[in-house]
Amino acid sequence: MNSIVSEKRYISERLGVPYENLSQSYLRSETALTTQSVIDFTLQTNKVQASLVTERLLDLNDEFVITHFTVGLKRIASDTPTDLQQLIAPVLTYDNETAFAGTNGANVAAIYNSDLSFTIDRKEFVPQFPVRAFRRVPTTQQAANADYTSSGIALTDGFDNGLYGFYPSEPTKIDGRQTIDLSINLGSSTTFDDSSNSYYAVFEARGYLIVNAAS
């Protein structure tokens with residue numbers, strides 16, 4: 001049996017959601033890194049003044065079932081990134097020394113020694129989850145002067161599969177009206193920002209949007 005079919009059946013039975021209302025989808029929230037001890041992510045549209053073009057947030061009447069989640073990093077060589085720069089920037093699964101080579105850029109490594117907390121309606125869903133669980137250093141890595149000698153094409157980070165860097169979750173339903181607190185706790189004030197560079201922490205959840213959810 002197809003694994004997606006099995007997963008949808010399990011979620012339907014476990015959460016009481018009609019099978020036909022489950023549609024594969026994802027959520028994505030990004031936070032610009034400055035100087036902070038806590039990195040907050042916002043998953044709901046009504047709590048964001050202006051979302052980035054790459055974000056996918058919950059509307060008020062949306063319901064979503066999380067099955068996998070991850071935290072990644074993004075670097076853009078601009079203090080004021082355009083939509084195009086946001087769209088073409090890769091989400092990295094580790095503290096890539098080439099991408100984060102600026103004065104404070106290397107400090108993104110601190111994120112992987114921190115923990116993620118996730119609270120839904122004041123109930124702890126994930127009290128303290130190690131961010132290091134999402135760290136993946138691929139066999140093929142981006143590096144300065146690392147080229148294929150035959151073609152001169154620069155190496156980039158490899159990705160083994162579509163869930164590379166994601167961690168499985170007990171199917172958990174959230175919606176656009178709940179109180180959702182999601183953050184990385186660094187434990188100490190840390191400076192990330194570099195001149196002429198923008199760094200982001202990226203939270204992404206895979207799972208199922210519940211279509212035709214009651215308003």
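Which residue in β8 does Leu22 stand opposite? I found Leu22 opposite Ile210 in β8, where strands are DSSP runs (E, at least two residues; helices are H or I, at least four), numbered from the N terminus.

Before going further I noted that this is a predicted model, in which local features need pLDDT of at least 70 and side-chain atom pairs count only at pLDDT 80 or more, while totals for chains, interfaces and linings use all residues. I also noted that residues are numbered from 1 along each chain as its sequence is written, and that side-chain values use heavy atoms, with hydrogens and water left out.

**Entry: pairing of β8**

I looked up the partners of β8 next, taking two strands as paired if DSSP finds at least two bridges between them. Strand β1 (residues 22–32) runs antiparallel to β8 and is joined to it by 11 bridges. Strand β3 (residues 63–76) also pairs with β8 in the antiparallel sense, over 12 bridges, and there I read Ala201 as the bridge partner of Leu73. I then checked how covered β8 is, and 11 of its 13 residues are buried (buried is under 20% relative accessible area, exposed over 50%, partly exposed in between, with a 1.4 Å probe and protein chains only).

**Entry: nonpolar cores**

I searched for nonpolar cores, meaning sets of buried Ala, Val, Leu, Ile, Met, Phe, Trp, Tyr and Cys residues joined through side-chain atoms within 4.5 Å. The largest has 35 residues, of which Ile111, Leu116, Phe118, Ile174, Ile184 and Phe203 touch the most other members. At least two residues of this core come from each of β2 (35–41), β3, β4, β5, β7 and β8, and β3 gives the most, with five residues. I followed Leu116 in particular, counting contact as heavy atoms within 4.5 Å and leaving aside residues up to four places away in sequence; its contacts include Phe69, Val71, Val126, Phe134, Leu182 and Phe203. Apart from this core lies another, of six residues, among them Val17, Leu22, Val65 and Tyr208.

**Entry: positive phi**

Which value of phi does Asp121 have? I read a positive phi of about 50° for Asp121, although it is not a glycine, and placed Asp121 in the loop between β4 (115–120) and β5 (123–130). Asp121 counts as partly exposed because its relative accessibility is 42%. Ser196, likewise a residue other than glycine, has a positive phi near 70° and sits in the loop between β7 (180–191) and β8 (198–210). Its relative accessibility is 47%, so Ser196 counts as partly exposed.
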